[in-house]
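Here is a chain to question term by term.

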Amino acid sequence: MEYGIDFSGLEEDDTDDAQAAGKLLDPRTFQEFVSKASSNLYNVGAASSQDKLPAARLNYNKFIGQGVWVDVELEPPFKILDACPTVIEMFGFNEQEIVGRNLRMFQGPMTNTVELAKAIQGSSSDSRHIALVLYNKEGEERIVSVGFRQEDVPNSDKKKCIALIEHGDWVPKKIADAEDGRSKIVVSSEKPYSIASMSLKFSALFGGLEEGRVVGRSLSVLFGPRTDMLKLDRCMQAAKAARTQNLTLWACTRDAQELMVDIIIYPVLVNGVISHFMLVMKKAAGVSG
């Protein structure tokens, strides 16, 4: 599928010093990347096997030198082959301090080392994202969303893994469970997404739905024949990587009346793991059955 892209808004800037300092994005660099990558971009509604957006974002961040990334070997202890200068902003180390060492320097008691190893060794040319607790130079926790993607090592028959690290989105469980005036439910982060709690305003939104008919049951109890469950599941999986998601879906009220709702999915952190999601819902504007 071809995308017609208008680059007319990318005007040259005479501020060479600002560009050299990394404060401005070179329009030619942006145009070069987008021209090459646009043929691989799919709509958000595309099937997960065709969704190239995460990989495109990972490639773009590294291509222009933005974001925090490290290149590591595929075998334990995951020796660090290269790193970007901005790693110091998130973790306090500069690239000279970490290149040649291994990922253990970022790990601590809350790091899920099993999931980390699986993500590195199970990565492929399509990026995979997970949530992790890593540690900075001072031993402080950092909740991060990490994308992993394999790439060929230059002048070698070996492969390496690129890890693109971003600050993760999350809320503590006590905030998710609190009665704060929002229409929301808290569900398990594992299928079938069992409902753990619901708010009073959520009950009102769904026509007086009783807690006993919802809590302890699968999230599917709220949806009907027009609900795009595949879309919901893709968003849930993305939220598990500590990335807040937004979507709109058809649902069903207590009396089986269809209701279109806007949903924000917030990752909920418990003991260093995204164990639940907080789904905040409201009636979608301007929609009739």
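Buried means under 20% relative accessible area, exposed means over 50%, and partly exposed lies in between. By that rule, buried residues make up 40% of the 289 residues in the protein chain of this predicted model.

Q: Why is Gln245 called buried?
A: Its relative accessible area is 16%. The cut-off is under 20%. Gln245 therefore counts as buried.

Q: What surrounds Gln245, beyond its neighbours within four places in sequence?
A: Gln245 is in contact with Cys235, Ala238, Ala239, Ile263, Ile264 and Ile265. Gln245 itself lies in strand β9, residues 245-252.

Q: Why is the pair Lys240 and Glu190 called a salt bridge?
A: The closest N and O atoms are 2.2 Å apart. The definition asks for a side-chain nitrogen of Lys or Arg within 4 Å of a carboxyl oxygen of Asp or Glu, so this pair meets it.

Q: Which parts does the pair of Lys240 and Glu190 tie together?
A: Lys240 lies in the loop between α9 (229-239) and β9, and Glu190 in the loop between β7 (184-188) and β8 (195-198). The parts are 50 residues apart in sequence.

Q: Are Lys240 and Glu190 buried or partly exposed?
A: Lys240 has a relative accessible area of 26%, and Glu190 stands at 44%. Buried needs under 20% and exposed over 50%, so both residues are partly exposed.

Q: How do you know that Arg254 forms salt bridges with Glu210 and Asp255?
A: For Glu210 and Arg254 the N to O distance is 3.0 Å. For Asp255 and Arg254 it is 3.5 Å. Both values fall within 4 Å, so both pairs count. Glu210, Arg213, Arg254 and Asp255 are linked in a network of salt bridges.

Q: What makes β4 and β5 paired strands?
A: Nine bridges join β4 (residues 141-152) to β5 (residues 159-167). Pairing takes at least two, so these strands pair. They run antiparallel. The bridge partner of Val144 in β5 is His167.

Q: Why are β2 and β3 called edge strands?
A: Five strands form an open sheet in the order β2-β1-β5-β4-β3. β2 (80-83) and β3 (128-135) each pair on one side only.

Note on methods
Residues are numbered from 1 along each chain as its sequence is written. This is a predicted model: local features need pLDDT of at least 70, side-chain atom pairs count only at pLDDT 80 or more; totals for chains, interfaces and linings use all residues. Side-chain values use heavy atoms; hydrogens and water are left out. Helices (H or I, at least four residues) and strands (E, at least two) are DSSP runs, numbered from the N terminus. Buried means under 20% relative accessible area, exposed over 50%, partly exposed in between (1.4 Å probe, protein chains only). Contact means heavy atoms within 4.5 Å.
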